[in-house]
Amino acid sequence: MDELNREIEASEHRYQTAFRFLQGRRGQAHVNDIVKKAVWSARAAPIDSSQAIQYVPTSSTDDEVCLAYEDDISSWWLSPSHKALGQLLSKEPNLFGGSILTTNFDPLIEVAIRSFGGAYYRTTLHRDGDLNQTHSDGCHVIHLHGHWFGTDTLHTPRQLSQSRPRLESSLYHLIKGRTVVVVGYGGWDDVFTQALMNVVVDDRASPDVLWTFRSDAPAMNPKLQGFLLPGLDRGNVTLYSGVDCNAFLPRLASGWGCEGLTAKLDENAHRDLTERTTSSRLARTSTETKFVEPIDFTRGEQDHPPKVDFYVGRKSDIEKIIASDSKIVYLTGIGGQGKSALAAEYFSFAINSSRYDHYVWRDCKEESERFERQLISIVTALSHDRVHAHELATQPIDTISDLFIELIGSKRILIIFDNIDHYIDLQARRPTGNIIRFIDRLIGSNTNTRIIFTCRPEILHNHIRVLSHRMGGISLQEAAELFHLRGASTDSASLFRAHELTQGHALWLDLLAAQLARRGPEIELNDLLDELHGDTPQLPIATLRSIWATLREPEQLVLRTLAETVRPTTILQLSNYLSEKIRYNKLDKARRSLRNANLLVVKPQGDGQDVMELHPLVRTFIRTNFPPVEREWFIKIILSVYEAFFGSHRSHLKTTPRLETLDHWTEGAELHIAAGQFADAMDCLHEISQPIQNSSSPNEFIRVARLLFDQKDWTLVERAKHFDSVFSLYVRLQALAGHVDECSNALERYRATIEGKEVRYINFCDLKCYTHWTNGDALAAVKWGAEGVSLKAQSDADTVFDASHNLALAQRDSGAIDSALAYFLKGASIRDVISAGEPDSNQNAPFYGNIGRCLQLMGQIESALICYRKSAKMLNDRSLGEIAVNQAYIRQWVGELLLANGETQQGCLMLEAAKSRWEFLSPRHVRAIQSQLSAVSRGQHAKTPTSEEAESAFLAWIVDS
């Protein structure tokens, strides 16, 4: 990369230099792959792109496949200039549609022509050839430098300047005597420019060349100017400046009356947008079309709104949301009242009316920890992967929130977080924890983003930018409409009774309507109501119990299996689970029947397969109505699929596994917990204990471990083989997350499992030390750490438990630096550590970093800098967890020490390097460093270095002895 950067920096033609470099080392096939990938980005994102691997064609992709994608004209995004060109070539083919010459590789001109009903034929030339070799009706589109499939593509000077006499000759005859309009073309040193030069100098050719430039004044390189000079002198070449294709061509099309020419793709594109839950790449208004930066929100946590087959009423509810300009909207109501359905309806409305540029739907699944992880994935997408999830996972919510706001800028984004119940303080009736801190920061910003939260508890949040809307039942008239749509016939009196009994509850009325439609005409609504009312005053339970009794065995099997799954499931996955019990055709019939009965929540997927899950109320009913022993078989068949996954992916845990891989282990542990198999759950968590610490987010591990350690009876939990190690990791992760009370409660329960002060008490002391230290209470941390160290020393116990390291961290930060330094040195000579030269390969980066921090606190600047230099060198040489954060900190600390040492210019360079590292990690650090730079650089640091210059200075500092 360094060699490539040097060649690019030294070249006047960076594009050509880069491709020459690539072609010489990877070959033309790799170049063609890059072109395919670039052209592919002009396609609209699929309705769902949530799969971990997204398809992109390569050089091995069959040409027929590429042609099929090209024929799908509704799947390509067209700029205003392409649309206008397509209109002109279609409406006035004789005037504008003769020949189009392009050096681009994409098919957007051809797509635009077809979109507006025109015809074209194409000639693609990457070697010598004759334009007259192709004849057909319509506009002749000529790709001079190759096409995105079927040919090589030309990029390098050698390729572009190759001798192509037949093509040059046919271009000469095409151009001469005609008006040639040059738009969006910088003038390559290629066959077209050569042919144009020949025409310009030929007295018999008489061309009329209109060459446009987007800049305010014509800007040509000297060689191109030399080519055109004879034509300029003779008046055959006219230069025009200030021509923006995306503005000029639409005006030209309007002048030729093309406004009424509607693109054939518009209807399909509009239909796609109504279903799209990913980012919208175009923001349309009634008067203009503008381009919006594409952002891929579809990976990782992206979810989809539920499908609502029969949506009635709620007109006043949605009108209230539409009329409000609130940044934050809470939709609240009891379970089954239709919160998610209302959010989905507004989501669809917003897409159809193009109120936002991007649309994101996330389901927090009524579980804690989901929100932080989902917010991190959104920030990662906003940064276009310039910051990675694992770099944000250990950052405080304030940092992530500031970064979110900064990256949004002027973008208009709609985000819906569904089911945030676990983040609500039930007494205060407000969000709590990280979510309210994020909301407060967003409310105080000037962003154009709206976020909608759904939850059951009512929210009391009085603020001018907040709308809290409590949903009640649907009206009697809306209930009648629902029964009609369901095909459930009943009389007015019975319907009135049902409405009164349910208090207009949307889900229960829909379940009644669906049941009546399934069982009628042998049963009437009053009969159903008599069954329910006579059974129990608890209508939800009574309704579900009544429905359950009418279900056939295949339908019950499907519901009981889905009740145990931990993620939405496709029909194929469900078939795999139940292959021993039921054939696929019966399974599919049961699925359709259950959907008609409104017992399944269905969400669309881009691959055409919907996923299914149960409404939380239905899931709870099934789980509570069957004892654990009767649930075990269903959990076992699901776990068998997970165990097969573990066997084929266990080796991945030795490297850096993907987050989705780790999710399978936490989900497996959750299933074991549900079955009461606590030892097996502990094994699952233990297997991923090492990689989880460096994963993009440990929150799922925390959530599932909490389920395990929240068991009322720890008898079986504490007997598990890996109990101490998994519990210790759980507490450390909770401490880092700032969950002080949870750490304290968990540790008290852990203490109760320890007999007196046996060796496990040392681990208890170590964990108490660590939690106090991370909470900023260094003195309390020292107390617990010292007790653990003393107990181990006095007992001379042979145990892996040890509190020495955390004690040293606490001592260092409490002022007992000498004791901490002695521990971190581990017998090494301080003279050797701070001596010039290379770091000891037997040590690691934290060894030098911790010693350097001690020396810095002791005021030994030069010695600290030596340690930091060695630590930085090892960080550069090795891949460590949180490496991006460590890299940022080391640059910042070095810069601060250099400034303290009076080395102002060098210190400023280090801080600039740190600022660049922090840019996509923490805006707060960026602002702090900028403040430092402003305070010290007046008159001494006139020219702000680029990030590359600052980074080069830091790397030079590392190796400088």
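Reader: What order do the strands take in the open sheet of three strands with E1, and is the pairing parallel or antiparallel?

Author: Happy to start there, with one reminder: this is a predicted model. As a general idea, strands of a sheet pair through backbone hydrogen bonds, either parallel or antiparallel. Here the order is E1-E3-E2, and the pairing is parallel. Strand E1 (99-102) and strand E2 (120-124) are the edge strands, each pairing on one side only. On average, neighbouring strands of this sheet are turned by 20° against each other, direction ignored.

Reader: Over how many bridges do E2 and E3 pair, and which residue is the bridge partner of Tyr-120?

Author: E2 and strand E3 (residues 139-143) pair over five bridges, in the parallel sense. The bridge partner of Tyr-120 is Cys-139, in E3.

Reader: Which strands does helix H7 lie across?

Author: Helix H7 (residues 108-115) lies across E1, E2 and E3. Its direction runs at about 165° to E3.

Reader: Let me try another sheet. What is the order of the open sheet that contains E4, and how do its strands pair?

Author: That open sheet has three strands in the order E4-E5-E6, with parallel pairing. Strand E4 (179-182) and strand E6 (237-240) each have a single partner strand, so one side of each is left without a neighbour in the sheet. Neighbouring strands here are turned by 15° against each other on average, direction ignored.

Reader: How many bridges link E4 and E5, and which residue stands opposite Val-182?

Author: E4 and strand E5 (residues 208-212) pair in the parallel sense over four bridges. Val-182 stands opposite Trp-211 in E5. A helix belongs in this picture too: H11 (residues 222-234) packs on the sheet, touching E5 and E6. The direction of H11 makes about 120° with that of E6.

Reader: Backbone angles next. What is the phi of Asn-419, and where is Asn-419 found?

Author: Asn-419 has a positive phi of about 65°, although it is not a glycine. Asn-419 is found in the loop between strand E11 (413-418) and strand E12 (424-425). With 13% relative accessibility, Asn-419 counts as buried.

Reader: What about Asn-598: what is its phi, and is Asn-598 buried or partly exposed?

Author: Asn-598, also not a glycine, has a positive phi of about 60°. Asn-598 sits in the loop between helix H27 (584-596) and strand E17 (601-603). At 22% relative accessibility, Asn-598 counts as partly exposed.

Reader: Which residues does Glu-718 touch?

Author: Not counting residues up to four places away in sequence, Glu-718 touches Phe-723 and Thr-753. Glu-718 lies in helix H34 (residues 715-719) and is partly exposed, with a relative accessible area of 33%. The C-alpha atoms of Glu-718 and Phe-678 are separated by 9.1 Å, and these two residues are 40 residues apart along the chain.

Reader: Let me zoom out. How many helices and strands does the protein have, and what share of its residues is buried?

Author: The secondary structure comes to 47 helices and 18 strands. Of the 961 residues in the protein, 51% are buried. Among contacts with a separation of 6 or more, 71% are between residues 24 or more positions apart. The protein exposes about 44,000 Å², and carbon and sulfur atoms supply 49% of that.

Conventions. Residues are numbered from 1 along each chain as its sequence is written. This is a predicted model: local features need pLDDT of at least 70, side-chain atom pairs count only at pLDDT 80 or more; totals for chains, interfaces and linings use all residues. Side-chain values use heavy atoms; hydrogens and water are left out. Two strands pair if DSSP finds at least two bridges between them. Helices (H or I, at least four residues) and strands (E, at least two) are DSSP runs, numbered from the N terminus. Axes are lines fitted to C-alpha atoms, for helices over the stretch in contact, and angles run from 0 to 180 degrees between N-to-C directions. Contact means heavy atoms within 4.5 Å. Buried means under 20% relative accessible area, exposed over 50%, partly exposed in between (1.4 Å probe, protein chains only). Accessible areas come from the Shrake-Rupley method with a 1.4 Å probe; for residues, only the protein chains shown count as cover.
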